[in-house]
Amino acid sequence: MTTAMRSWLFAPGNEPRKVKKVASFGADAIILDLEDAVPNADKVATRPMVRDAVREIQGPLVCVRVNGLATGLTAGDVDGVAVEGLDVIVVPKTETPEDVLAVDAMVAAAERREGLPAGRVRLLPLVETARGVLAASAIAGASPRVVTIALGSGDFTRDLELPVIRWSLEGRELAWARAKLVVDVRAAGRPRPLDGPYIAVRDAEGFVADCRVAKSLGYQGKILIHPSQVEAANRAFAPDPDEVAFCRKVIETFTAAEKQGSASITVDGIFVDYPIVEKAQRIIALAEALDAKDRRAGATPPAGRQR
Amino acid sequence: MTFARRSLLLTPGHQAARLAKAVTLDVDAVVFDLEDGVPPGSKPEARKVVARALGALDAGGRERMVRVNGVGTTDLVEDLRALPLDRVDALFVPKVRDTGHVAVLERLVACYEGARHAPVPFVLTIETPDALFRAAAIAAASRRTVALFFGSGDYSAETGCALTPDALAVPRALIAAAAGSAGVQAIDAAFFVDVRDAEAARADALVARALGFTGKVVFHPGQVAPVNDVFTPTAAEIARARSVIAAWEAARATGDGVLLAGGEFVAIDIVRMMERVLARAAAAASRAGGR
């Protein structure tokens with residue numbers, strides 16, 4: 001995963017129609033759910049359906065959310081879906097590094113049994129309790145399989161016993177946990193974290209505002225629960241076009257100044273030295289990588305990023 | 001159910017005939033081995049043989065244990081998938097290095113034993129110097145843990161420590177202390193220097209008993225009788241324990257907290273030691289009665 005993974009779209013594993021379509025909306029990653037979106041009575045029967053879908057789906061990163069360790073279903077879920085084509089197991093309700101290591105062991109054994117290359121299947125722990133948030137850095141660093149961690153904001157606000165279902169648009173209830181997770185996963189040397197879902201699926205404006213807050217805090221992308229959110233998320237989590245333009249100007253101006261023997265200048269009133277230039281290069285590279293990716297996928301690059 | 005764990009017979013899991021023989025010997029526990037006693041290529045076969053033996057053999061009241069592969073190996077996951085855990089009385093776990101290992105083990109076992117089964121107990125092996133220094137925390141890490149086992153063979157391989165009573169005194173005492181601090185049993189390795197020398201096995205068991213161990217692994221049928229004997233309180237020990245406890249209770253009834261019994265100073269600490277003797281005697285007697 002060399003570029004940002006902006007949009008992670010869920011589909012309930014037991015609904016064939018949704019599973020069939022989930023890869024067609026331009027999401028960077030799709031998550032087939034065996035957990036909360038599937039009725040308890042259907043969970044075991046859903047495994048072979050998800051297994052077939054994992055083998056077939058082409059394009060996005062293919063993820064499966066298994067049931068949590070407290071359910072006793074995790075091992076059967078992992079064994080049922082760890083086949084060629086599976087990229088990531090999403091581990092719900094992760095609270096300790098040992099939770100990750102237990103699933104890691106199941107995945108390693110399943111890889112060996114299936115003849116998959118060791119380390120092929122990665123893990124995405126969902127942190128969705130106060131305990132999990134406090135242990136996030138240890139969770140992120142628990143295994144080399146961990147891609148990053150995701151904040152399960154709905155369950156987290158429930159665990160905090162917040163007196164609201166719809167938190168504020170600026171997300172002040174989640175601000176500390178969101179900021180903490182970014183530091184935690186970077187301290188563990190992992191790519192930036194993923195923000196939890198925005199549950200008001202018809203509120204497009206609120207969704208964009210929620211994405212902006214998460215992006216500004218350092219999130220690479222967001223868990224999505226509705227296909228209509230994909231395009232907006234892909235746009236919101238890509239570098240801002242104005243920012244990219246400024247980065248280009250920074251590099252041009254700095255390169256010229258460097259030739260004149262100066263390595264610390266100002267551009268439009270902003271102080272620039274080598275670390276700032278390096279940051280500008282990284283932002284441009286990310287924007288270009290995402291453009292190329294969207295073009296390969298045949299999707300129209302989100303408006304405003306066309307040049 | 002409290003098991004006496006005086007003698008635990010470790011048997012390679014890939015040899016069906018030896019598993020069948022094990023449940024005929026006069027041991028408190030049989031330990032079917034899926035770890036170092038089985039060549040790597042034979043492990044899939046051993047899992048089948050052990051699963052079949054657990055399903056079919058009548059262990060006659062002997063505790064049925066399986067030594068699984070270590071935490072962090074994919075073999076452990078395959079072991080847990082293959083075993084009928086409702087027919088396993090305890091898991092014997094090698095190479096436990098820290099409390100994290102115990103925590104991962106708990107999660108894995110819980111996933112494979114299913115929700116309806118009573119939690120399977122653990123016997124945790126301390127056999128590396130790093131684990132020795134963490135033994136107390138390891139012993140206390142899970143409510144499933146019933147005993148610590150000291151693997152002196154691997155320990156000596158890592159430290160260069162000789163396999164003599166003097167050289168093993170400190171690690172053995174630390175294991176016994178760790179087990180005592182968590183209220184679990186301490187079980188010593190087999191005397192493997194000369195497995196056919198029954199008297200040497202007895203002498204080695206006496207040293208372990210003096211340090212606080214309540215049982216030993218055995219490798220050879222000839223080791224069974226001396227080891228059971230050493231870890232079974234004698235009639236004289238039982239009688240003395242009963243009289244000390246009776247005398248202390250009588251003294252306490254009159255308001256005294258200490259007394260002299262036959263020239264011996266007795267206080268609550270001695271009483272607890274005597275109670276432990278009686279508990280071991282009762283566990284041993286229940287084994288004898290179950291045969």
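How many of the 18 residues of α4(A) are buried?

1. The count is 13 of 18, so helix α4(A) is largely enclosed by the rest of the structure. Buried means under 20% relative accessible area, with exposed over 50% and partly exposed in between (1.4 Å probe, protein chains only).

2. This is a predicted model, in which local features need pLDDT of at least 70 and side-chain atom pairs count only at pLDDT 80 or more, while totals for chains, interfaces and linings use all residues. Residues are numbered from 1 along each chain as its sequence is written, chains are lettered from A and ligands numbered from 1 in the order in which they are written, and side-chain values use heavy atoms, leaving out hydrogens and water.

3. After α4(A) comes Gly115(A), with a positive phi near 75°.

4. Chain A has 12 helices and 10 strands. These are DSSP runs numbered from the N terminus (helices: H or I, at least four residues; strands: E, at least two).

5. For the 307 residues of chain A, a compact globule would have a radius of gyration near 19 Å, and the 20 Å of the chain agrees. The radius is taken over C-alpha atoms, and the globule rule is 2.2 Å times the number of residues to the power 0.38. Along the principal axes, the C-alpha atoms fill a box of roughly 70 × 45 × 35 Å.

6. In chain A, 52% of the 307 residues count as buried.
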